[in-house]
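Work through these exercises with the model open beside you. Try each task before you read its solution.

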Amino acid sequence: MARLVSLLEYYCFNIICVTLLLLTSVEASVLEEKSGASTSAFFIFGDSSVDPGNNNYINTIPENQANYKPYGHNGFFQRPTGRFSDGRVIVDFIAEYAKLPLIPPFLEPSADYTNGANFASGGAGVLPETNQGMVIDLPTQLKNFEVVQKSLIEKLGEAEAEKVISEAVYLISIGSNDYMGGYLGNPKMQETYNYETYIGMVIGNLTQTIQVLYQKGGRKFGFLSLSPLGCLPALRALNPKASEEGGCFEAASELALAHNNALKSVLTSLEQIFKGFKFCYSNFYNWLDDRIKHPSKYGFKEGINACCGYGPYGGIFTCGGTKEVKEYELCENAEDYVWWDSFHPTEKIHEQFAKTLWNGEPEPEPFSVGPYNLQSLFFDKVKLTIGDIVDVIPQPNHLLQ
Ligand SMILES: *[C@@H]1O[C@H](CO)[C@@H](O)[C@H](O)[C@H]1NC(C)=O
(Lines give C-alpha, C1' and ligand atoms only; values in the text may rest on other atoms or scores of the structure.)
Protein backbone atom coordinates (compact mmCIF):
# COMPACT_ATOMS: atom_id res chain seq x y z
CA MET A 1 0.00 0.00 0.00
CA ALA A 2 2.55 2.49 1.14
CA ARG A 3 4.63 1.70 -1.90
CA LEU A 4 1.70 2.23 -4.20
CA VAL A 5 0.69 5.57 -2.74
CA SER A 6 4.24 6.80 -2.86
CA LEU A 7 4.46 5.73 -6.50
CA LEU A 8 1.39 7.78 -7.28
CA GLU A 9 2.82 10.73 -5.43
CA TYR A 10 6.09 10.34 -7.27
CA TYR A 11 4.34 10.59 -10.59
CA CYS A 12 2.23 13.43 -9.42
CA PHE A 13 5.11 15.55 -8.41
CA ASN A 14 7.19 14.79 -11.43
CA ILE A 15 4.84 14.82 -14.35
CA ILE A 16 1.21 15.38 -13.67
CA CYS A 17 1.25 18.50 -11.57
CA VAL A 18 3.12 20.39 -14.24
CA THR A 19 0.45 19.44 -16.76
CA LEU A 20 -2.27 20.39 -14.30
CA LEU A 21 -0.74 23.81 -13.74
CA LEU A 22 -0.77 24.42 -17.47
CA LEU A 23 -4.43 23.55 -17.65
CA THR A 24 -5.65 25.59 -14.72
CA SER A 25 -5.88 28.88 -16.54
CA VAL A 26 -7.90 27.43 -19.43
CA GLU A 27 -10.22 25.73 -17.07
CA ALA A 28 -11.43 28.69 -15.07
CA SER A 29 -12.91 30.37 -18.11
CA VAL A 30 -14.92 27.40 -19.37
CA LEU A 31 -16.67 26.18 -16.27
CA GLU A 32 -19.88 24.76 -17.55
CA GLU A 33 -22.98 23.95 -15.57
CA LYS A 34 -24.73 21.02 -17.19
CA SER A 35 -28.45 20.83 -17.78
CA GLY A 36 -30.87 18.35 -16.19
CA ALA A 37 -30.37 15.41 -18.57
CA SER A 38 -29.03 12.16 -17.21
CA THR A 39 -25.69 10.76 -18.16
CA SER A 40 -26.34 8.49 -21.09
CA ALA A 41 -24.11 5.54 -20.26
CA PHE A 42 -23.47 3.20 -17.37
CA PHE A 43 -20.60 0.69 -17.30
CA ILE A 44 -20.38 -2.05 -14.71
CA PHE A 45 -17.45 -4.21 -13.63
CA GLY A 46 -17.38 -6.86 -10.96
CA ASP A 47 -18.57 -10.19 -9.62
CA SER A 48 -21.85 -11.99 -8.91
CA SER A 49 -23.16 -9.00 -6.95
CA VAL A 50 -23.73 -7.22 -10.28
CA ASP A 51 -23.47 -9.93 -12.99
CA PRO A 52 -26.62 -9.80 -15.18
CA GLY A 53 -25.83 -13.05 -16.97
CA ASN A 54 -22.40 -12.86 -18.60
CA ASN A 55 -21.55 -16.27 -17.18
CA ASN A 56 -24.37 -17.84 -19.20
CA TYR A 57 -22.01 -17.50 -22.15
CA ILE A 58 -18.77 -18.87 -20.71
CA ASN A 59 -17.55 -22.34 -19.95
CA THR A 60 -17.75 -22.66 -16.17
CA ILE A 61 -19.20 -24.61 -13.25
CA PRO A 62 -22.82 -24.31 -12.02
CA GLU A 63 -21.57 -22.50 -8.87
CA ASN A 64 -20.67 -19.54 -11.08
CA GLN A 65 -23.98 -19.48 -12.92
CA ALA A 66 -27.54 -18.60 -11.96
CA ASN A 67 -29.49 -19.25 -15.14
CA TYR A 68 -31.62 -21.99 -13.63
CA LYS A 69 -34.52 -22.14 -11.20
CA PRO A 70 -35.19 -20.95 -8.56
CA TYR A 71 -32.98 -17.93 -9.48
CA GLY A 72 -35.31 -15.21 -10.70
CA HIS A 73 -38.04 -16.76 -8.55
CA ASN A 74 -40.02 -13.54 -7.98
CA GLY A 75 -40.99 -13.39 -11.63
CA PHE A 76 -39.74 -9.89 -12.44
CA PHE A 77 -37.93 -11.48 -15.35
CA GLN A 78 -39.78 -14.17 -17.25
CA ARG A 79 -37.03 -16.72 -16.73
CA PRO A 80 -33.80 -17.04 -14.77
CA THR A 81 -31.41 -14.55 -16.37
CA GLY A 82 -28.16 -15.43 -14.68
CA ARG A 83 -28.60 -12.86 -11.91
CA PHE A 84 -27.63 -14.25 -8.50
CA SER A 85 -30.86 -13.10 -6.88
CA ASP A 86 -34.55 -13.90 -6.67
CA GLY A 87 -35.06 -11.01 -9.09
CA ARG A 88 -33.14 -7.87 -9.92
CA VAL A 89 -29.70 -6.81 -8.72
CA ILE A 90 -28.50 -3.39 -7.61
CA VAL A 91 -27.45 -2.12 -11.04
CA ASP A 92 -30.92 -2.80 -12.47
CA PHE A 93 -32.38 -0.39 -9.92
CA ILE A 94 -29.68 2.18 -10.49
CA ALA A 95 -30.29 2.10 -14.27
CA GLU A 96 -33.99 2.64 -13.59
CA TYR A 97 -33.36 5.63 -11.29
CA ALA A 98 -31.02 7.07 -13.92
CA LYS A 99 -33.82 6.70 -16.51
CA LEU A 100 -31.73 4.30 -18.56
CA PRO A 101 -32.88 0.95 -19.96
CA LEU A 102 -31.55 -2.25 -18.39
CA ILE A 103 -27.81 -2.42 -19.07
CA PRO A 104 -27.12 -5.59 -21.09
CA PRO A 105 -24.48 -8.21 -20.32
CA PHE A 106 -21.48 -7.56 -22.56
CA LEU A 107 -21.58 -11.17 -23.83
CA GLU A 108 -25.26 -11.21 -24.74
CA PRO A 109 -25.44 -11.83 -28.49
CA SER A 110 -26.23 -8.63 -30.40
CA ALA A 111 -26.44 -6.56 -27.21
CA ASP A 112 -26.96 -2.83 -27.72
CA TYR A 113 -24.22 -0.86 -25.98
CA THR A 114 -25.71 2.60 -26.60
CA ASN A 115 -26.39 3.10 -22.89
CA GLY A 116 -23.45 1.12 -21.62
CA ALA A 117 -22.58 -2.47 -20.90
CA ASN A 118 -22.17 -4.74 -17.92
CA PHE A 119 -18.91 -6.73 -17.88
CA ALA A 120 -19.32 -8.40 -14.47
CA SER A 121 -18.85 -12.12 -13.97
CA GLY A 122 -19.95 -14.26 -11.01
CA GLY A 123 -16.93 -15.64 -9.17
CA ALA A 124 -14.53 -13.02 -10.53
CA GLY A 125 -11.96 -11.34 -8.34
CA VAL A 126 -9.60 -8.42 -8.66
CA LEU A 127 -6.69 -10.85 -9.05
CA PRO A 128 -6.61 -13.01 -12.16
CA GLU A 129 -5.64 -15.98 -9.94
CA THR A 130 -9.07 -15.92 -8.27
CA ASN A 131 -11.19 -18.72 -9.79
CA GLN A 132 -8.82 -18.64 -12.74
CA GLY A 133 -10.21 -20.10 -15.95
CA MET A 134 -13.77 -20.22 -14.66
CA VAL A 135 -14.70 -16.54 -14.74
CA ILE A 136 -14.17 -13.39 -16.77
CA ASP A 137 -11.35 -11.86 -14.75
CA LEU A 138 -11.00 -8.14 -14.20
CA PRO A 139 -8.24 -7.59 -16.81
CA THR A 140 -10.51 -9.30 -19.37
CA GLN A 141 -13.45 -7.16 -18.27
CA LEU A 142 -11.28 -4.13 -19.04
CA LYS A 143 -10.38 -5.50 -22.48
CA ASN A 144 -14.08 -5.99 -23.12
CA PHE A 145 -14.67 -2.36 -22.20
CA GLU A 146 -12.15 -1.40 -24.90
CA VAL A 147 -14.23 -3.34 -27.42
CA VAL A 148 -17.31 -1.33 -26.45
CA GLN A 149 -15.36 1.93 -26.53
CA LYS A 150 -14.18 1.14 -30.08
CA SER A 151 -17.72 0.31 -31.17
CA LEU A 152 -18.95 3.62 -29.73
CA ILE A 153 -16.27 5.49 -31.66
CA GLU A 154 -17.30 3.74 -34.87
CA LYS A 155 -20.94 4.48 -34.25
CA LEU A 156 -20.81 8.03 -32.87
CA GLY A 157 -17.49 9.40 -34.08
CA GLU A 158 -14.52 10.22 -31.90
CA ALA A 159 -15.77 13.44 -30.31
CA GLU A 160 -19.22 12.22 -29.37
CA ALA A 161 -17.87 8.88 -28.08
CA GLU A 162 -15.37 10.76 -25.93
CA LYS A 163 -18.20 12.78 -24.44
CA VAL A 164 -20.22 9.64 -23.68
CA ILE A 165 -17.19 8.00 -22.06
CA SER A 166 -16.34 11.01 -19.91
CA GLU A 167 -19.91 11.55 -18.75
CA ALA A 168 -20.61 7.89 -18.09
CA VAL A 169 -20.76 6.39 -14.63
CA TYR A 170 -18.46 3.43 -13.90
CA LEU A 171 -19.58 1.11 -11.12
CA ILE A 172 -17.15 -1.40 -9.67
CA SER A 173 -18.20 -4.16 -7.27
CA ILE A 174 -15.48 -6.73 -6.73
CA GLY A 175 -13.15 -8.23 -4.12
CA SER A 176 -15.22 -10.72 -2.10
CA ASN A 177 -14.01 -13.70 -4.12
CA ASP A 178 -10.37 -12.71 -3.68
CA TYR A 179 -10.78 -13.02 0.09
CA MET A 180 -13.14 -16.01 0.28
CA GLY A 181 -12.07 -18.57 -2.33
CA GLY A 182 -8.91 -16.75 -3.35
CA TYR A 183 -7.35 -16.47 0.10
CA LEU A 184 -9.23 -18.11 2.99
CA GLY A 185 -10.11 -21.07 0.78
CA ASN A 186 -6.60 -21.34 -0.62
CA PRO A 187 -3.95 -22.54 1.86
CA LYS A 188 -1.16 -22.04 -0.67
CA MET A 189 -2.00 -18.36 -1.05
CA GLN A 190 -2.06 -18.00 2.74
CA GLU A 191 1.38 -19.58 3.00
CA THR A 192 2.82 -17.29 0.39
CA TYR A 193 1.28 -13.98 1.48
CA ASN A 194 0.26 -12.61 4.85
CA TYR A 195 -2.98 -10.64 5.21
CA GLU A 196 -1.42 -7.25 4.66
CA THR A 197 0.56 -8.21 1.58
CA TYR A 198 -2.43 -9.91 0.04
CA ILE A 199 -4.75 -6.95 0.66
CA GLY A 200 -2.04 -4.71 -0.79
CA MET A 201 -2.01 -6.80 -3.97
CA VAL A 202 -5.78 -6.71 -4.32
CA ILE A 203 -5.94 -2.97 -3.72
CA GLY A 204 -2.91 -2.37 -5.96
CA ASN A 205 -4.52 -4.19 -8.87
CA LEU A 206 -7.86 -2.51 -8.27
CA THR A 207 -6.15 0.88 -8.28
CA GLN A 208 -4.54 0.05 -11.62
CA THR A 209 -7.96 -0.80 -13.04
CA ILE A 210 -9.34 2.54 -11.90
CA GLN A 211 -6.31 4.29 -13.43
CA VAL A 212 -6.81 2.55 -16.76
CA LEU A 213 -10.47 3.55 -16.86
CA TYR A 214 -9.52 7.09 -15.95
CA GLN A 215 -6.93 7.16 -18.68
CA LYS A 216 -9.53 5.97 -21.18
CA GLY A 217 -11.67 8.94 -20.21
CA GLY A 218 -13.78 7.72 -17.27
CA ARG A 219 -14.35 10.36 -14.59
CA LYS A 220 -17.32 9.33 -12.44
CA PHE A 221 -17.01 6.19 -10.38
CA GLY A 222 -19.16 4.27 -7.94
CA PHE A 223 -17.76 1.61 -5.61
CA LEU A 224 -19.58 -1.03 -3.64
CA SER A 225 -17.45 -1.83 -0.63
CA LEU A 226 -17.35 -5.36 0.77
CA SER A 227 -20.01 -6.73 3.09
CA PRO A 228 -19.30 -8.46 6.41
CA LEU A 229 -18.17 -11.56 4.51
CA GLY A 230 -18.01 -13.76 7.60
CA CYS A 231 -21.77 -13.39 8.10
CA LEU A 232 -22.69 -14.82 4.70
CA PRO A 233 -24.65 -18.03 5.40
CA ALA A 234 -21.94 -20.04 3.59
CA LEU A 235 -19.20 -18.68 5.85
CA ARG A 236 -21.23 -19.08 9.02
CA ALA A 237 -21.63 -22.73 8.02
CA LEU A 238 -17.86 -23.05 7.56
CA ASN A 239 -16.88 -21.20 10.70
CA PRO A 240 -14.68 -23.44 12.83
CA LYS A 241 -15.29 -21.29 15.92
CA ALA A 242 -19.01 -20.64 15.55
CA SER A 243 -19.89 -20.97 19.21
CA GLU A 244 -17.36 -18.35 20.35
CA GLU A 245 -18.00 -15.76 17.70
CA GLY A 246 -21.77 -15.63 17.48
CA GLY A 247 -21.73 -17.56 14.23
CA CYS A 248 -19.90 -15.18 11.89
CA PHE A 249 -16.50 -16.17 10.50
CA GLU A 250 -14.57 -13.24 11.93
CA ALA A 251 -11.38 -13.68 9.89
CA ALA A 252 -13.38 -13.16 6.69
CA SER A 253 -15.11 -10.05 8.02
CA GLU A 254 -11.78 -8.63 9.17
CA LEU A 255 -10.32 -9.00 5.68
CA ALA A 256 -13.35 -7.23 4.24
CA LEU A 257 -13.02 -4.37 6.73
CA ALA A 258 -9.31 -3.94 6.06
CA HIS A 259 -9.95 -3.99 2.31
CA ASN A 260 -12.67 -1.35 2.65
CA ASN A 261 -10.47 0.94 4.72
CA ALA A 262 -7.62 0.64 2.22
CA LEU A 263 -9.95 1.24 -0.73
CA LYS A 264 -11.41 4.33 0.87
CA SER A 265 -8.02 5.87 1.46
CA VAL A 266 -6.83 5.05 -2.07
CA LEU A 267 -9.93 6.73 -3.51
CA THR A 268 -9.30 9.82 -1.44
CA SER A 269 -5.72 9.97 -2.76
CA LEU A 270 -6.85 9.44 -6.35
CA GLU A 271 -9.26 12.32 -5.96
CA GLN A 272 -6.32 14.54 -5.07
CA ILE A 273 -4.08 13.30 -7.86
CA PHE A 274 -6.45 12.70 -10.77
CA LYS A 275 -8.02 15.86 -12.06
CA GLY A 276 -11.80 15.54 -12.34
CA PHE A 277 -11.96 12.11 -10.67
CA LYS A 278 -15.24 11.92 -8.76
CA PHE A 279 -16.54 9.02 -6.78
CA CYS A 280 -19.31 7.58 -4.71
CA TYR A 281 -18.25 5.28 -1.90
CA SER A 282 -20.43 3.83 0.76
CA ASN A 283 -20.03 1.74 3.81
CA PHE A 284 -21.83 -1.41 2.70
CA TYR A 285 -20.26 -3.29 5.60
CA ASN A 286 -22.08 -1.39 8.33
CA TRP A 287 -25.18 -0.97 6.23
CA LEU A 288 -25.63 -4.73 5.76
CA ASP A 289 -24.40 -5.64 9.23
CA ASP A 290 -27.26 -3.62 10.73
CA ARG A 291 -29.81 -5.47 8.59
CA ILE A 292 -28.31 -8.83 9.55
CA LYS A 293 -28.50 -7.96 13.25
CA HIS A 294 -31.78 -6.03 13.25
CA PRO A 295 -33.78 -7.30 10.25
CA SER A 296 -37.15 -6.12 11.57
CA LYS A 297 -35.98 -2.47 11.59
CA TYR A 298 -35.84 -2.70 7.79
CA GLY A 299 -38.86 -4.84 6.94
CA PHE A 300 -37.20 -8.27 7.08
CA LYS A 301 -37.94 -11.23 9.31
CA GLU A 302 -34.73 -13.19 8.84
CA GLY A 303 -31.18 -11.85 8.80
CA ILE A 304 -29.14 -15.01 9.31
CA ASN A 305 -30.48 -17.93 7.28
CA ALA A 306 -30.58 -18.13 3.49
CA CYS A 307 -33.90 -18.47 1.69
CA CYS A 308 -32.44 -20.98 -0.75
CA GLY A 309 -29.83 -23.53 0.28
CA TYR A 310 -29.25 -26.50 2.52
CA GLY A 311 -27.96 -27.43 5.95
CA PRO A 312 -26.96 -25.02 8.73
CA TYR A 313 -28.04 -21.43 7.92
CA GLY A 314 -28.89 -22.62 4.38
CA GLY A 315 -25.14 -22.18 4.06
CA ILE A 316 -24.47 -25.21 1.89
CA PHE A 317 -24.50 -23.72 -1.59
CA THR A 318 -26.96 -26.06 -3.32
CA CYS A 319 -29.62 -23.59 -4.45
CA GLY A 320 -31.14 -24.98 -7.65
CA GLY A 321 -29.86 -28.52 -7.18
CA THR A 322 -27.50 -28.24 -10.14
CA LYS A 323 -24.35 -28.64 -8.08
CA GLU A 324 -22.76 -31.61 -6.38
CA VAL A 325 -25.38 -31.90 -3.62
CA LYS A 326 -28.82 -31.96 -5.20
CA GLU A 327 -30.96 -31.27 -2.15
CA TYR A 328 -31.97 -27.74 -1.40
CA GLU A 329 -34.69 -25.94 0.47
CA LEU A 330 -36.53 -22.85 -0.65
CA CYS A 331 -38.29 -20.45 1.73
CA GLU A 332 -41.79 -19.23 1.10
CA ASN A 333 -41.28 -15.47 1.05
CA ALA A 334 -37.90 -14.25 -0.14
CA GLU A 335 -38.94 -10.66 0.78
CA ASP A 336 -38.68 -11.65 4.44
CA TYR A 337 -35.01 -12.61 4.00
CA VAL A 338 -31.76 -10.68 3.85
CA TRP A 339 -30.05 -13.65 2.16
CA TRP A 340 -31.35 -15.24 -1.01
CA ASP A 341 -28.80 -18.07 -1.26
CA SER A 342 -25.68 -19.07 0.69
CA PHE A 343 -23.64 -16.15 -0.74
CA HIS A 344 -26.04 -13.59 -2.21
CA PRO A 345 -28.64 -11.19 -0.81
CA THR A 346 -32.26 -10.93 -1.95
CA GLU A 347 -33.64 -8.45 -4.46
CA LYS A 348 -35.06 -6.47 -1.56
CA ILE A 349 -31.55 -5.87 -0.18
CA HIS A 350 -30.35 -4.91 -3.68
CA GLU A 351 -33.19 -2.43 -3.95
CA GLN A 352 -32.66 -0.89 -0.52
CA PHE A 353 -28.95 -0.52 -1.17
CA ALA A 354 -29.55 0.99 -4.61
CA LYS A 355 -31.73 3.64 -2.93
CA THR A 356 -29.03 4.37 -0.37
CA LEU A 357 -26.36 4.83 -3.03
CA TRP A 358 -28.70 6.87 -5.18
CA ASN A 359 -29.60 9.56 -2.70
CA GLY A 360 -27.64 8.82 0.47
CA GLU A 361 -25.80 11.59 2.29
CA PRO A 362 -22.19 11.93 3.46
CA GLU A 363 -23.49 12.11 7.05
CA PRO A 364 -24.15 10.52 9.40
CA GLU A 365 -21.77 7.65 9.85
CA PRO A 366 -22.02 4.67 9.89
CA PHE A 367 -24.15 4.71 6.71
CA SER A 368 -22.43 7.50 4.88
CA VAL A 369 -22.42 7.80 1.09
CA GLY A 370 -19.96 10.18 -0.47
CA PRO A 371 -18.38 12.43 -1.41
CA TYR A 372 -21.00 12.18 -4.20
CA ASN A 373 -24.08 10.01 -4.32
CA LEU A 374 -25.01 8.29 -7.58
CA GLN A 375 -27.83 10.70 -8.31
CA SER A 376 -25.45 13.64 -8.40
CA LEU A 377 -23.01 11.70 -10.59
CA PHE A 378 -25.68 10.64 -13.09
CA PHE A 379 -27.56 13.92 -13.20
CA ASP A 380 -24.40 15.90 -13.17
CA LYS A 381 -24.94 18.18 -10.30
CA VAL A 382 -21.22 18.03 -10.64
CA LYS A 383 -19.48 20.79 -12.53
CA LEU A 384 -17.34 19.54 -15.37
CA THR A 385 -14.36 21.50 -16.54
CA ILE A 386 -12.21 21.19 -19.61
CA GLY A 387 -9.55 19.74 -17.39
CA ASP A 388 -11.93 16.95 -16.41
CA ILE A 389 -12.46 15.84 -19.96
CA VAL A 390 -9.02 16.28 -21.48
CA ASP A 391 -6.77 13.36 -20.71
CA VAL A 392 -4.28 15.08 -18.47
CA ILE A 393 -2.34 12.22 -17.00
CA PRO A 394 0.54 10.79 -18.98
CA GLN A 395 0.52 7.18 -17.82
CA PRO A 396 3.72 5.60 -16.65
CA ASN A 397 3.80 2.42 -18.71
CA HIS A 398 4.76 -0.03 -16.05
CA LEU A 399 1.70 0.88 -13.97
CA LEU A 400 -0.52 -0.11 -16.80
CA GLN A 401 0.32 -3.60 -17.99
C1 LIG B 1 -1.28 -7.38 -8.86
O2 LIG B 1 -1.45 -8.74 -8.58
C3 LIG B 1 -0.34 -9.56 -8.85
C4 LIG B 1 -0.77 -10.97 -8.59
O5 LIG B 1 -1.77 -11.29 -9.53
C6 LIG B 1 0.83 -9.13 -7.99
O7 LIG B 1 1.98 -9.91 -8.27
C8 LIG B 1 1.13 -7.67 -8.26
O9 LIG B 1 2.13 -7.22 -7.39
C10 LIG B 1 -0.13 -6.83 -8.03
N11 LIG B 1 0.13 -5.44 -8.42
C12 LIG B 1 0.08 -4.43 -7.54
C13 LIG B 1 0.35 -3.07 -8.11
O14 LIG B 1 -0.15 -4.59 -6.36
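**Exercise 1. The largest pocket**

Which element gives the largest share of the lining of the largest pocket? The model is predicted, so treat each value as computed from that prediction.

Solution. 
- Step 1. Start with volume. The largest pocket holds about 1000 Å³.
- Step 2. Turn to the lining. It consists of 47 residues. Nearest the centre lie Asn177, Met180, Leu232, Phe343 and His344.
- Step 3. Assign elements. Two or more lining residues come from each of H5, helix H8 (233-238), helix H10 (284-293) and helix H11 (347-359).
- Step 4. Pick the main contributor. H5 supplies 5 residues, the largest share of this lining.
- Step 5. Sort by class. The lining has 26 nonpolar, 17 polar and 4 charged residues.

**Exercise 2. H5 against H9**

Which residues of H5 and H9 make their contact?

Solution. 
- Step 1. Locate H5 at residues 176-184. Helix H9 spans 250-273.
- Step 2. Take the axes. They come within 10 Å and cross at roughly 130°.
- Step 3. Classify the angle. H5 and H9 are therefore oblique to each other.
- Step 4. List the contact. Tyr179, Tyr183 and Leu184 of H5 meet Ala251, Ala252, Leu255 and His259 of H9.
- Step 5. Sort by class. There are 6 nonpolar residues, 1 polar and no charged.

**Exercise 3. H3 against H4**

Is the crossing of H3 and H4 left-handed or right-handed? Describe the contact as well.

Solution. 
- Step 1. Locate the helices. H3 covers residues 138-156, and H4 covers residues 158-167.
- Step 2. Take the axes. They come within 7 Å and cross at roughly 135°. That angle makes H3 oblique to H4.
- Step 3. The crossing is right-handed.
- Step 4. List the contact. On H3 the residues are Phe145, Gln149, Leu152, Ile153 and Leu156. On H4 they are Glu158, Glu160, Ala161, Val164 and Ile165.
- Step 5. Sort by class. The contact has 7 nonpolar, 1 polar and 2 charged residues.

**Exercise 4. The second largest cavity**

Which residues line the second largest cavity?

Solution. 
- Step 1. Count the cavities. There are 2 of 30 Å³ or more.
- Step 2. Take the volume. The second largest cavity has about 30 Å³.
- Step 3. Name the lining. It is formed by Ile172, Ile174, Leu206, Phe223, Leu224, His259 and Leu263.
- Step 4. Assign elements. Strand S4 (220-224) and helix H9 (250-273) each give two or more of these residues.
- Step 5. Sort by class. The lining has 6 nonpolar residues, 1 polar and no charged.
- Step 6. Link back to Exercise 3. His259 lines this cavity, and His259 also takes part in the H5 contact.

**Exercise 5. Backbone exceptions**

Solution. 
- Step 1. Recall the background. Most residues other than glycine have a negative phi, and most peptide bonds are trans.
- Step 2. Take the Glu363 to Pro364 bond. It is cis, with omega near -5°. Pro364 sits in the loop between H11 and strand S10 (369-371).
- Step 3. Take the Gly370 to Pro371 bond. It is cis, with omega about 0°. Pro371 belongs to strand S10.
- Step 4. Turn to phi. Lys99 has a positive value, near 60°. Lys99 lies in the loop between helix H2 (90-97) and strand S2 (116-118).

Terms used
Residues numbered from 1 in each chain as written. Predicted model: local features only at pLDDT ≥ 70, side-chain atom pairs only at ≥ 80, totals over all residues. Heavy atoms only, no water. 1 Å grid on protein atoms, 1.4 Å probe; cavity = no way out; pocket = protein on both sides within 12 Å on 5 of 7 lines; lining within 4 Å. Points joined across faces, edges and corners; volume = space filled by probe spheres on them. Helix = DSSP H or I, 4+ residues; strand = E, 2+ residues; numbered from the N terminus. Nonpolar A, V, L, I, M, F, W, Y, C, P; charged D, E, K, R; others polar. Axes fitted to C-alpha atoms, helices over the stretch in contact; angles between N-to-C directions. Parallel < 35°, antiparallel > 145°, perpendicular 65-115°, else oblique. Left-handed = near helix turned anticlockwise from the far one by under 90°. Contact = heavy atoms within 4.5 Å.
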